[in-house]
Amino acid sequence: MEYDFRRNTLTGTIFANFNMEHQVLGRWFSEELGDDKSVYQAVNRGIEQVRAAKLEVWRFVGGELSIELDQEQVRVFANVLESDQEHYLDESVSLYDEESECFCGLEDFEAVLISWRKFVEQTQ
């Protein structure tokens, strides 16, 4: 998984760029996590609870994107994928969700999460 973090020097906005198959993960870091320490702490607690087998699956629902993790992997997805919207579409129409969902390993995600937090703290 390739990624880099940047800060717009004019606006101060931080954002994450990920490779094509993990684009939605970059959107999650940029739009849902950002520099919000409470979200960062909630995700860390979720990771701890899953690792300690206190929870089988942990989910954080954001404004447009959500994250779901278990002991092995992390799923980041657009909330619209969980809606009943597909039931109302004609059978010949399907939603394109390649840029709306991705999976990665829990350890890889945790390493990126730690790197993101360091980046945020260094650029404040």
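## Contacts of F109

Once its neighbours within four places in sequence are set aside, F109 is in contact with L25, W28, F29, V43, I47, I67, V74 and C104. The model in which these contacts are found is a predicted one.

## The nonpolar core

In the largest nonpolar core, which holds 33 residues, F109 is joined by W28 and F29 as the residues that touch the most other members. At least two residues of this core come from each of β2 (14-18), α1 (23-33), α2 (37-51), β4 (65-69), β5 (73-78), β6 (101-105) and α3 (106-122), and among the contributors it is α3 that gives the most, with seven residues. In soluble globular proteins, nonpolar side chains tend to be buried together.

## The sheet

Four strands form an open sheet in the order β3-β4-β5-β6, and their pairing is antiparallel. Because β3 (58-61) and β6 stand at the edges and each has a single partner strand, one side of each is left without a neighbour in the sheet. From one strand to the next, the twist averages 15 degrees.

The antiparallel pairing of β3 with β4 extends over four bridges, and V61 is found opposite S66 in β4.

## Helices against the sheet

The helix α1 packs on the sheet, where it touches β4, β5 and β6, and its direction makes about 110 degrees with that of β4. The helix α2, by contrast, lies across β3 and β4, and it runs at about 165 degrees to β3.

Technical notes:
Residues numbered from 1 in each chain as written. Predicted model: local features only at pLDDT ≥ 70, side-chain atom pairs only at ≥ 80, totals over all residues. Heavy atoms only, no water. Core = buried A, V, L, I, M, F, W, Y, C linked by side-chain atoms within 4.5 Å. Buried < 20%, exposed > 50% of the residue type's maximum accessible area, 1.4 Å probe, protein only. Contact = heavy atoms within 4.5 Å. Pairing = 2+ DSSP bridges. Axes fitted to C-alpha atoms, helices over the stretch in contact; angles between N-to-C directions.
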